[in-house]
Amino acid sequence: MLQKNVLEYLASSAAHFPNKLAFADETSQFTFAQLLAAAQGLGSALAEQSPALNRPVVVLINHTAANIAAFMGVLSAGHFYVPLDLQMPLPRLRGIMEELSPAALIYPAGNEEIVQTLSDLCPLMAAEDGFSYPINAPLLAQRQAKILDVDPVYAIFTSGSTGMPKGIVICHRSVIDFIEWMADACQFTSQDVLGNQAPFYFDLSVKDIYLTLKCGCTTHIIPKKAFLFPTLLVDFLAERKVSALVWATSAFHLVANSGVLEKKIPSHLRTVILGGESLQAKQLNRWRAALPDVQYINLYGPTEVTVDCTWYPITRTFADDERIPIGYACANKEVFLLDEALQPVPPGQPGELCVRGIGLSKGYFGQWDKTRSAFIQDPRNPSYPDLIYRTGDLAIMEEDGLFTFLTRQDGQIKHMGYRIELGEIETTLNSLPTIKEAVCFFDQEKDRIHCAYTGSEDTKILAKTARAMLPRYMVPNLYHRLDNMPHNPNGKIDRPKLKEAFIHGSSD
């Protein structure tokens, strides 16, 4: 029978492994049976409250096992979930919710003071209250029967070049297609134990969630503090017998740079899967020296293509200064390069990486112009509608189809594992009354965001204000107060001159 809903993964694992641990954090856990019951309770409460189908439901995330139960509850009701960071600055959170007009907001109990400020936008529900709600099985079955595989599972918000976040909408078929491939390609089974690092508002976590549900694995959510003390992190992985890591590359680099792997190792590991930014050979080699029998896999893909579109199982040795390829297209996805005239690029030449296939997002929630500019008709096919996604990333393809990532084409960067539009930071800072002009640029080598500005604000005060207004991973690392902003002959801010002064001309 054709699978059309990701909830079928949960139902199957709950039937085959009812008492097996599914997700666990430091203080709570769910077996598959408990996860299904909690989801059906929350789903029943939502369904009775909101009769329409396929509405967005915001889930505030605090990186606990209960977040997963909330996601499944939203899906049980015939809606789709929108994970947002509980620590997100309130103005940004409110702006996203105003754009969504959600059917409800689900939040972890104990955060009533925060969410009450949003009560004018939609109904509020504590997740724990929903989990214990009486299950209305006939209603849930009726609603889920109406959901198609092209209907949304989730919308994840990322940065926007105009300063507005973009909600990327992903459907059931796209997730099913990707997870079926990944489980097979990476040989996941019910015996695997995953160590989750990625927050659930970051699309990297989609792999942890749905591999667990499909395969009947167990996922342990790694506490954030463990990454501050790598020895504790390795102990955590060893004690829980973690066999697979699906991590942001930045976390992988952090552990390598800490030196902990020369002292102790997580001996149960068999697979390490990485993504989110460029994998560096120097850090990879430190892991391989400590754990030579582990399979390391480098994945690449923007959120718009359902997590990943290329993969590269690492089987050879790389010198510390070598680029590590992003690999070959994942099954049922075509990856190819186009030049600025949207013509195919021959092997060995750089071009913009484009993607075709069922993994493509449905587009950006409520932002039709942005959707039409990023998801375009395949210029190679003049005969019928056939969309591709333009990633904005430059890459090179070898004769055998092997891709190597080069750089971003525009001002979108990858910092701390997150895709960020510098324009969003600039828009936020330029909105301050004490700022005349603010420009952001990125030092890729040192992984630091710079902000140059003119105005009366003290740099320390500006830094404090930025921390209150922006997510942690978007806050600039360095601030440069200028008397005058440099401009080029066209009257535009001279960004190359700023980068030359503060990055290439800096020794700090």
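Start by selecting Val58, which sits in strand β3 (residues 56-61). A quick note before you go on: this is a predicted model, in which local features need pLDDT of at least 70, side-chain atom pairs count only at pLDDT 80 or more, and totals for chains, interfaces and linings use all residues. Residues are numbered from 1 along each chain as its sequence is written, and side-chain values use heavy atoms, with hydrogens and water left out. Helices (H or I, at least four residues) and strands (E, at least two) are DSSP runs, numbered from the N terminus.

Is Val58 buried or exposed? Its relative accessibility is 0%, so Val58 counts as buried (under 20% relative accessible area; exposed is over 50% and partly exposed lies in between, with a 1.4 Å probe and protein chains only). Now show what Val58 touches, leaving out residues up to four places away in sequence: Val82, Leu84, Met97, Leu100, Pro102, Ala104, Leu105 and Ile106. Contact here means heavy atoms within 4.5 Å. For a sense of scale, draw a C-alpha line from Val58 to His450: they are 392 residues apart along the chain and separated by 32 Å.

Next stop: helix packing. Select helix α1 (residues 7-16) and helix α2 (residues 32-49), whose axes come within 8 Å and cross at roughly 135°. That makes α1 oblique to α2 (under 35 degrees counts as roughly parallel, over 145 as roughly antiparallel, 65 to 115 as roughly perpendicular, and the rest as oblique). Axes are lines fitted to C-alpha atoms, for helices over the stretch in contact, and angles run from 0 to 180 degrees between N-to-C directions. Leu10, Ser13 and Ala14 of α1 make the contact with Phe32, Ala33, Leu35, Leu36 and Ala39 of α2. Sorted by class, that's seven nonpolar, one polar and no charged residues (Ala, Val, Leu, Ile, Met, Phe, Trp, Tyr, Cys and Pro count as nonpolar, Asp, Glu, Lys and Arg as charged, and the others, Gly among them, as polar).

On the α1 side look for Tyr9, Leu10 and Ser13, which meet Tyr210, Thr212, Leu213, Lys214 and Cys215 in α9. The tally by class is five nonpolar, two polar and one charged.

Now jump to strand β8 (residues 166-171), where six of six residues are buried. Which residues cover each side? Lys166, Ile168 and Ile170 are on one side, with Gly167, Val169 and Cys171 on the other, and all are buried. Strand β7 (residues 152-158) runs antiparallel to β8 and is joined to it by six bridges; strands pair if DSSP finds at least two bridges between them. Highlight Thr158 and you'll find it opposite Lys166. Strand β18 (residues 363-364) is also antiparallel to β8, with two bridges, and there Val169 stands opposite Gly363.

Last stop: an open three-stranded sheet in the order β24-β25-β26, with mixed pairing. Its edge strands are β24 (435-443) and β26 (478-482), each pairing on one side only. The twist averages 20° from one strand to the next. Eight bridges join β24 to the antiparallel β25 (residues 448-455), and Ala438 has Tyr453 as its bridge partner in β25. Finish with helix α16 (residues 495-504), lying across β24, β25 and β26 at about 65° to β24.
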